[in-house]
Amino acid sequence: MLFLWLYMFYSCAGSCAGLAARGSPAPPRAAPPLPPLLPGEPGEENSLEEQRAAPDAGSPISSFFNGSGTKRLPQAIIIGVKKGGTRALLEFLRVHPDVRAVGAEPHFFDRNYERGLAWYRDLMPKTLEGQITMEKTPSYFVTKEAPARISSMSKGTKLIVVVRDPVTRAISDYTQTLSKKPDIPTFESLTFKNRTTGLIDTSWSAIQIGIYAKHLENWLLYFPIGQILFVSGERLISDPAGELGRVQDFLGLKRIITDKHFYFNKTKGFPCLKKAEGSSKPHCLGKTKGRTHPNIDQEVVQRLRDFYRPFNMKFYQMTGQDFGWD
């Protein structure tokens with residue numbers, strides 16, 4: 001091996017020197033530190049991104065030398081909704097070789113915005129040219145300030161919302177809280193301000209999140225409807241490859257994730273990956289996913305369906321999709 005390296009070195013000595021003289025890029029040097037980005041400063045991230053990147057930072061040759069690529073602000077974000085299937089979607093998408101995503105939820109646009117875009121970008125995985133950087137934080141969809149903040153970062157950001165029957169979603173939300181706080185009041189008592197009159201308590205987050213039309217109105221002040229993809233949480237279970245096909249098209253990716261990547265786990269009741277990212281073994285979401293829901297009074301379920309129906313109808317009109325929740 002040593003002989004081979006010496007042979008290649010002496011063989012290259014003349015020609016490599018000639019290439020360097022003609023301006024061939026030298027191995028990338030460490031980029032100088034940059035001042036922090038100011039939160040919400042439009043267009044700022046593009047110029048600073050170019051400064052931060054070493055010459056040819058996205059090229060295969062440069063990536064060979066630095067072993068990583070470049071950290072970029074996300075071009076696409078899964079913005080919602082909680083208990084809709086966002087974790088499943090992200091895990092499925094990470095199978096695609098051109099998708100790089102943060103595993104944990106950054107909560108930048110709702111909880112950590114004062115830290116600035118430089119802090120946010122540093123959380124991102126390094127990508128090569130042509131790869132997409134993504135993150136998911138489901139609470140963005142219901143955060144009033146999030147649309148303006150994301151638009152300020154980049155008006156071209158692609159947004160993905162995973163939605164689910166709001167009644168089922170509310171019960172799932174409650175089930176998650178119940179697993180952490182077994183002494184909380186019953187679902188039925190939390191649902192109503194006054195059960196006798198049937199007045200729904202829309203201040204309870206489990207109910208409020210499911211009023212999708214109301215939240216979407218806020219996003220449409222900053223983003224055109226065509227820049228937001230709405231994924232059905234139900235179809236993500238019944239036809240994961242079909243929904244992933246739509247997502248890949250929306251992101252401008254080649255349809256690599258297909259039926260061959262999934263199998264249905266009867267025990268959990270949802271699809272799992274035959275091979276997860278970076279593994280040759282089957283992978284299902286953890287034990288916190290697919291919890292058994294408590295039995296809810298059917299009268300309460302029907303009251304909730306009646307409550308959500310007009311909001312669902314409006315949401316169908318706004319998105320041009322009938323999700324079949326009624």
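Q: Which residues does phenylalanine 109 touch, not counting residues up to four places away in sequence?
A: In this predicted model, residues up to four places away in sequence are set aside for phenylalanine 109. The residues that phenylalanine 109 then touches are Ile77, Tyr120, Glu135, Tyr140, Thr143, Ala146, Arg149, Ile150 and Met153.

Q: Which element gives the largest share of the largest nonpolar core?
A: The largest nonpolar core has 31 residues, and Phe109 is among those with the most contacts inside it, with Ile79, Tyr120, Tyr140, Ile150, Trp219 and Phe315. Two or more residues each come from strands E2 (76-80), E6 (158-163) and E9 (228-232) and from helices H5 (117-123), H6 (146-153), H10 (212-219) and H13 (298-319). The largest share, four residues, comes from H10.

Q: How many residues does another core have, apart from the largest one?
A: This other core lies apart from the largest one and includes Val231, Phe250, Ile257 and Leu273. Its number of residues is 26.

Q: How far apart are the end C-alpha atoms of helix H7, and what span should its residues give?
A: Helix H7 covers residues 166-180, which makes 15 residues.

Q: Which elements do the buried residues of H7 pack against?
A: The buried residues of H7 are Pro166, Val167, Arg169, Ala170, Ile171, Ser172, Asp173, Tyr174, Thr175 and Gln176. They pack against helix H8 (187-191), helix H9 (205-208), H10 and H13.

Q: Which residue caps the N-terminal end of H7?
A: The cap is made by a side-chain oxygen that lies 2.9 Å from the backbone nitrogen of valine 167. The residue that supplies this oxygen is aspartate 165.

Q: Which cysteines form a disulfide, and how far apart are their sulfur atoms?
A: Sulfur atoms within 2.5 Å make a disulfide, and by this rule the count comes to one. The pair is cysteine 272 and cysteine 284, with sulfur atoms 1.7 Å apart.

Q: How many residues apart in sequence are the parts that the cysteine pair ties together?
A: The link of cysteine 272 and cysteine 284 is right-handed, with 105 degrees about the S-S bond. Cysteine 272 lies in strand E11 (residues 270-273) and cysteine 284 in the loop between E11 and H13, so the parts tied together are apart in sequence by twelve residues.

Q: Is cysteine 272 buried or exposed?
A: Buried means under 20% relative accessible area. Cysteine 272 has 1% relative accessibility, so it counts as buried.

How values were computed. Residues numbered from 1 in each chain as written. Predicted model: local features only at pLDDT ≥ 70, side-chain atom pairs only at ≥ 80, totals over all residues. Heavy atoms only, no water. Core = buried A, V, L, I, M, F, W, Y, C linked by side-chain atoms within 4.5 Å. Buried < 20%, exposed > 50% of the residue type's maximum accessible area, 1.4 Å probe, protein only. Contact = heavy atoms within 4.5 Å. Expected span 1.5 Å × (residues − 1). Polar contact = N/O pair within 3.5 Å; in protein donor to acceptor, adjacent residues only side chain to side chain.
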